[in-house]
2 protein chains.
Amino acid sequence: MSSLNDILSGNRYSISRLLTAIENDVSNVTDLLSEVYFHAGNAHLVGITGASGTGKSSLVNQLAKAFRQLHSEASPLKIGIIAVDPSSPFTGGAILGDRIRMKDLVGDPGIFIRSVATRGVLGGLAASTSAMAQVLDAAGYRLILIETVGAGQSEVEIANLAHTIIVVESPGMGDDIQAIKSGIMEIGDIFVINKADLQGVEEAERVLRANLQFAHLSDQTINSSKSDLNPTWIPPIIRTIAINGYGIEMLVRNIIEHKEFLINSDLWKIYEARRMRREFHVMLRDHLYHRWLSNYPKEKHDQVLADVISRKISPWQALKLFNEW
Amino acid sequence: MSSLNDILSGNRYSISRLLTAIENDVSNVTDLLSEVYFHAGNAHLVGITGASGTGKSSLVNQLAKAFRQLHSEASPLKIGIIAVDPSSPFTGGAILGDRIRMKDLVGDPGIFIRSVATRGVLGGLAASTSAMAQVLDAAGYRLILIETVGAGQSEVEIANLAHTIIVVESPGMGDDIQAIKSGIMEIGDIFVINKADLQGVEEAERVLRANLQFAHLSDQTINSSKSDLNPTWIPPIIRTIAINGYGIEMLVRNIIEHKEFLINSDLWKIYEARRMRREFHVMLRDHLYHRWLSNYPKEKHDQVLADVISRKISPWQALKLFNEW
């Protein structure tokens, strides 16, 4: 297995093995992850989310190249990319597609790309993505781009791991509705309309702006995790054409500005604490459940469950029975 | 509060109050729900899922009307409709829209319509939808249509509550990809291409058929919850035009046939047991977490969490600390 020193020194093979171990079963590597954890906390995590077809992968590709070029060879910026696809196992194809699209990054030794598919439950995916980000963070990757597809609850959870959240739209997708529904509008720090050379870009921006206003108007009434502490950052809307690089410089500038805003306003620390509390409670929930399952006598569990299924007792009564444990 | 007798006798006001209580906080009404539970288990739960814009609500509307007409006035079929929208609180509008679209059902005393929005966590939504279905079931509603929007993980969870799962597509939506990704293809019992008068219906059916084949080919390799027990039901693809009723009769016939298939093949019981086991474990997970939170000393919890946030200890070490509890 990889050692802490392998990870800290940035050995790509060791990092890769540890990420695979996390994906397979994080509980096998918690000792190493604990050590890694003490060396993490220096990276800027940037989440990029949006429906498939908006050109997110190309955008991530361009962002990585632009950030690399921004730093001199003397003090290079190492960039990690975690592409998460919270969907069925069928996405092998899509992930391969992403890899192909990112092929001009693969030769760059300062960039580490990892695709993650769903294996287990929902909470688990956010937790393992977080653990992977910790590993890259400890290995000296100072910018970590976390790309998620779609706009469901799971994507929101994963996007929530990031310090800066970029929501990608494109003209004529009608995603605006999806995004509003899933609560993506409320958590976006930067909005991008990619494929801005397509027809309908004006309309897309108009709709986006209206939705954004609506989301922020409603902030008071909802359980918003961010806005109450974020009085001065007004999420910009940036037009890009990822395939030719249009708008990328502006986007890079906004990402840097958002990071500075967070740090200067002390929100960086506040968000980080909040994020870690949330992440930890997902782990805790999972842990308590599995601990219970492994401690509770199986025959008794099966009997109670059979009684619930035959409606001899109700699930709520069963919980009370289990409660002594 | 509503009494068991009010519910069993089908008092609409009492049912409505209990559903609201479930939506607000199920833990307040578990005693009543336990009693209700012993009188449930007779309804056919039919899940209808698909992206927004496919015309699901109109379809549900037509289905309800058709099923009502199929039964004589002497022995009418009472139908419950639960419209779930697992999304941000912004969906007040969408729910209102659904209600308006369903307006020709509202006057029918044999139909009970309920819209549910997301309040809390993901698992919670499936659990409360399930509890609501139990209430309608015990109140004599023998057919319960559970409508969910979209194709995310949460929709799959909710669809999984049903005995029969209908996946709705429409031409030119490109949802096929979404559906495959979220695992909807694998759990669908009946596929509907609604708006079949639109251009692209042939293409939509071709893509759907290919995806379906792909999903079933892959069944062996994935953690499929159904297919291994379901060797003989071949999911039909039915074209409908909900707004003028085209195809509805065929869809109704297929729903009835699927129910008969489940009962005759004993799969009804097997699925029911499996479904209840899954549901119960969601409740159990939630319960264990909240029990822990209310038992563990708050100051100690806050201290440990602060140590995690300042990276004095790792989250995995914190779990070990909490483990004694």
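Predicted model: local features only at pLDDT ≥ 70, side-chain atom pairs only at ≥ 80, totals over all residues.
**Exercise 1.** Work out how the rings of A:Tyr37 and B:Trp316 are arranged: stacked, tilted or edge-to-face?

*Solution.* Start with distance: the ring centres of A:Tyr37 and B:Trp316 are 6.5 Å apart, and rings pair when their centres lie within 6.5 Å. Next, the angle: the planes sit at 90 degrees, and planes over 60 degrees apart count as edge-to-face. So the pair is edge-to-face.

**Exercise 2.** Find how α3(A) lies relative to α15(B), and which residues make the contact.

*Solution.* First, the axes of α3 (residues 30-37) of chain A and α15 (residues 315-323) of chain B come within 8 Å, crossing at roughly 120 degrees. Angles of 65 to 115 degrees count as roughly perpendicular and those over 145 as roughly antiparallel, so α3(A) is oblique to α15(B). Then list the contact: α3(A) brings A:Thr30, A:Asp31, A:Leu33, A:Ser34 and A:Tyr37, while α15(B) brings B:Pro315, B:Trp316, B:Gln317 and B:Lys320. Sorted by class, that's 4 nonpolar, 3 polar and 2 charged residues.

**Exercise 3.** Decide whether B:Tyr296 and B:Phe322 are buried or exposed.

*Solution.* The cut-off for buried is under 20% relative accessible area. B:Tyr296 has 4%, so it's buried. B:Phe322 has 2%, so it's buried too. Ring pairs also link both of them with A:Phe280 and B:Trp292 into a cluster.

Methods. Residues numbered from 1 in each chain as written. Chains lettered and ligands numbered in written order. Heavy atoms only, no water. Axes fitted to C-alpha atoms, helices over the stretch in contact; angles between N-to-C directions. Helix = DSSP H or I, 4+ residues; strand = E, 2+ residues; numbered from the N terminus. Parallel < 35°, antiparallel > 145°, perpendicular 65-115°, else oblique. Contact = heavy atoms within 4.5 Å. Nonpolar A, V, L, I, M, F, W, Y, C, P; charged D, E, K, R; others polar. Phe/Tyr/Trp six-rings, centres within 6.5 Å; stacked < 30°, edge-to-face > 60°. Buried < 20%, exposed > 50% of the residue type's maximum accessible area, 1.4 Å probe, protein only.
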